[in-house]
Structure formats: structure tokens, C-alpha cells
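User: Could you walk me through this structure? I would like to go one topic at a time.
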Amino acid sequence: MADFDFRKLEKDDKEVRVATAMEPGATNLQSESLATSYERNTEKLLQRFTGLRAFSLELAAPLSAEDCMLQAVTDVSPVKWHLGHSTWFFEKFILDDLSQKYTCYNDKLYYIFNSYYKGAGEHLHRFHRGLLSHPPLKDVLAYRAEINGRIKNFFLALHKAKNDDLLNEALARLEIGLHHENQHQELILTDIKYNFFCNPLYPSYMQQPSQESLRSLESNSLSKNREELALRYVPIQGGLEKFGNDGKSFSYDNERPLHKVFVEDFNLANKTVTNYEYLQFIEAGGYQDFRLWLSDGWDFINKQNLKHPLYWLPSGKECMVFTLGGLKPLNLAEPVCHVNFFEADAYARWAGKRLPSEFEWELAFSKQEEQASEEELREQANFVEQRLFHPREARAGVGSKGKSSDRLYQMYGNTWEWTVSAYLPYPGFRMEPGVIGEYNGKFMNGQRVLKGGSVATSSSHIRRSYRNFFEASKSWQFSGIRLAE
Ligand SMILES: [Fe+2]
């Protein structure tokens, strides 16, 4: 049982009345209708703000205050810290940066919830996040509610002041803050999964989805498309193509600018590698054959004594897998998940294939868009909104145009897909000006690009040009393998 009623708190949050003096003219939200006082864009973004902030609390709802404190290793952060840090982000980059008279809510919270922004002052070391028994969770939730109210009042004040330049800047920051909240929602799930896995009792974050709900999600596509879903390689015509984000909708600085890259013709697997296929690699001695591994990868798996993907628990002829719904038998038809880049690369070499580059992945994705609209692809993907929190077997049913043999499945959602591409700046890359420029650019060293999103990614967060990035040894994200040749 959770100690706190997060949903009730979010309701209270919506009703919070904050008498803030940060801007002249700030008034109580209750006194004026949103429809009349906000312009459409602001209203839309603030609605998303309210919904997303509530969703973070929904994700935390099954957890106790003790659960919310866990930090098994430096890579994972406590849920309590994620809730506080995503709040700090709005406070720092909107209220503190854009308001002349702002007084921060609490200096100590400002310090502990700054992640790594050197331009914002001193911050807590990452590994010490698990020591934060103080402040108590209820104080962090109160901080969230307070900043939510201040943000709404701040935008109302900007409209009253008719300061369009500042409003535009604030809206841009709000949009970044929303995507940042999405990223920490994903981390709430991946981090609590890792933390619970380290507990010998293997606690469950959630109930396993019922067979009935799984069936309704699958519709009838599985049975009728077994043939279509056989592994095949789809030919993709290369050429000199444009990659990156065109700037017509939101993107991070690391996706820009649009630039040309020449790509040779190639073939891409129509689906990601399954547990069954990966098991064949293991049984063939893949983890014992140094010829398959990059040198750093070979050293890493031996130092860590790795013999299978994270969360697999083999015992004799059986293999259980740890999920957010607790332990369950390994489903061989599901995509292999929680493999690091070294494992993905070794598997590809064993299979006589390779990993695609980020540009090949993007080019193939644009071909998929010729068969199904962006909306259809999002609707049918296994994202966090499905609340399965676990990858599912490949399924057909997307797109009505083109030959079924040319279709690529589940490029969106399910598992992030490792690419061979190093995470580097695009030609002409410019960091966002100011402290927020520390968001992405300073991490362009020693990491690989992943594409497509996962079961923990929000549909509203992902896009074709999105570049996720992790070090080659990391496997606690929902990361899988799609092969190229
Ligand atoms: Fe962050």
C-alpha cells in the first residue's frame, strides 16, 4: 500500500491558490476563466503541463515513501528525487530565469534538486541522492504543488503584462520542461525496476496485466499475421538525404540542424531480435567467444561476469525474467530487452549482421511513414500510455499501403534500438544559449545513439529525429536490437 494518496494531492494541486508577488498583476487563477485570459497556445501547453505533472504522480502512486528513496547504484535515482528535480527544472528555467523579482521556494531544495547544471550553482553529487531521507516525501510533493501554482500564475501575469517576447521565451522553456518531465517519467520506471530487482524479494511495482487486457491490446492481429511477421530484411534505397529536425515542431538542440548525409543502400530487419533468437546466441557460447566482442565489451562482460541480459534469472532449463509486474517466465516470442550496446553488437556479429547507423534508422523510418501515418504509428505503438510497462511480441496491422513484405514493425515504442552511431554533434550544431545549453551538448562523448522510444516513453515525447544516448555498457533502459545488413 502506498503511504500517500498522490491523486488526491494532484487534485489539491489544481486548486492551489498561490499568492505570488513575482510579477505585477499576478492574480488568482480561480478568479478568471482560462478560456478568456489565456491565448490558445498557452492554454494548450498549460493543459499539457497539468496532465503531465499529474501523470508523474500517477507513476509514483504504487510506491511507498520507502520505495521512493531507493538508489541501488549511481545510475539510478530515487523516485523522490525525480519528482523534486523535474519541479526544480520549471522553477529554475522559467521562474528564476525569467522573473526579475523571484524568490526561490527553498534554497536547500534548489541545491539538492539541481542535477548537473554548473551554471545554476553548486549541486548534490549524483550518488548522494539516495541519502535524502530529508526532506520527507510529503515536503517534496508540497514543493511540486507550490511550483505548479506559481507556473500557472506566472503565465497569467505575462499575459496581463502583454510582454510578447518574454511570453514566447517562457513558452519555449515550458515546452522543454514538459519534455524534460517526460524523460524523468521514463526514468522513474526504469530506475524503480532496477532498484526492485536488487531486492531479493523481487517486489512488484504493478499487477501483471490480465490476459484479457493483453488480448484486447493485441486485437486479432497476431493470429492472422504470423506469416507476415516472420523475420525478413527490407531493402531500403540510400542516397544523399536530409537528417535531423526541420524545426517545424519541438526538438532538442542535439537534433539540429537538418543536414545531408550520404547513405548506401541497405537492408533493415522488419522487427527486433526476440528472446528466442538471443537465447540461441547464448546457447551457441556467444558470451564465451571473445571473437564476437569489442575489446571494451569483452572486458566489461568478464569483469561483471555477464552471461545473459539484465533481469534474466536462469535456473536449470527454466528462465524467469524480472518485470515491473514481478517475476514471470521468459516469453521467447517477446523482443529481447535490457541489452547493452556491447551485447547488441556481439549478437549482430554472431548473426552475421550489424547494427544500423542512426541515419539508416531514420531513413528506414521515413519509408515506414509512407505506409502508415505518423498518427497511426503512434497509436499502435507500445508506449507508456498503454501502461503495459513491458515489451510485447511484434504485431502487424499498421498501414494499409504498400506490400506487407516491405513493412517495418514497432520502430516506435517497445524497446529503444541501439544504433552503431556515436553520439556526436551534427554539422553546425549550436547548444541552446544560457545554462539550459548544458542539457545535451556536454554529454557528446563516449555514448551511442538509440532510436524509437520504449514502453516507458511517452507518445508525445518521441519523434523520428529524437536521439537518445547512453554509454555502451548501460542496460537498465528498455533497450533492444534491430539488425541491418
Ligand atoms: Fe533532468
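Predicted model: local features only at pLDDT ≥ 70, side-chain atom pairs only at ≥ 80, totals over all residues.

User: Okay, how many helices and strands does the protein chain have?
Analyst: The protein chain has 14 helices and eleven strands. Of its 485 residues, 42% are buried. Among contacts between residues at least 6 apart in sequence, 80% join residues at least 24 apart.

User: And what is the mean pLDDT of the chain?
Analyst: The mean pLDDT is 88, and 86% of the residues reach 70 or more.

User: Where does pLDDT stay under 50?
Analyst: One such stretch is residues 1-37, for which the model has 65 contacts beyond four places in sequence. Over residues 219-224 the pLDDT is also below 50, and this stretch has six contacts in the model beyond near neighbours in sequence.

User: Let's turn to a sheet. What is the order of the strands in the open sheet of three?
Analyst: The order is β5-β6-β7, and the pairing is antiparallel. The strands β5 (312-315) and β7 (326-329) stand at the edges with a single partner strand each, so one side of each is left without a neighbour in the sheet. From one strand to the next, the twist averages 30 degrees.

User: How many bridges are there between β5 and β6?
Analyst: There are four bridges, and β6 covers residues 318-323. Two of the residue pairs can be named: Pro 314 has Cys 319 in β6 as its bridge partner, and Leu 313 has Met 320 in β6.

User: What lies between those two strands?
Analyst: β5 and β6 form a hairpin with two residues between them. In the turn, Gly 316 has a positive phi of about 65 degrees.

User: New topic: helices. How is a packed pair described?
Analyst: Two packed helices are described by the angle between their axes and by the distance between those axes. Here, α11 (residues 295-303) and α12 (residues 341-350) pack at an angle of about 115 degrees, with their axes 10 Å apart. The crossing of α11 and α12 is left-handed.

User: Which residues meet there?
Analyst: From α11, Gly 297, Phe 300 and Ile 301 meet Phe 342, Asp 345 and Ala 346 of α12. The residues of this contact divide into four nonpolar, one polar and one charged.

User: Is α12 largely enclosed or largely open?
Analyst: Helix α12 is largely enclosed by the rest of the structure, because eight of its ten residues are buried. Among the buried residues are Phe 341, Glu 343, Tyr 347 and Ala 348.

User: What covers them?
Analyst: The cover of the buried residues of α12 includes α10 (275-283), α11, β8 and β9 (448-451). Just after α12, Gly 352 takes a positive phi of about 75 degrees.

User: Last one. Where is Gln 410, and is Gln 410 buried or exposed?
Analyst: Gln 410 is in the loop between α14 (374-379) and β8 (416-422). Gln 410 counts as buried because it has 25 C-beta neighbours inside 10 Å, and the cut-off for buried is 20 or more.

User: Which residues does Gln 410 touch?
Analyst: Leaving out residues up to four places away in sequence, Gln 410 touches Lys 271, Thr 272, Ala 381 and Ala 394. Arg 392 is 18 residues from Gln 410 along the chain, and the C-alpha atoms of the two are separated by 9.8 Å.

Notes. Residues numbered from 1 in each chain as written. Buried ≥ 20, exposed ≤ 12 C-beta atoms within 10 Å, placed from the backbone. Contact = placed C-beta atoms within 7 Å. Pairing = 2+ DSSP bridges. Axes fitted to C-alpha atoms, helices over the stretch in contact; angles between N-to-C directions. Left-handed = near helix turned anticlockwise from the far one by under 90°. Nonpolar A, V, L, I, M, F, W, Y, C, P; charged D, E, K, R; others polar. pLDDT = per-residue confidence, 0-100.
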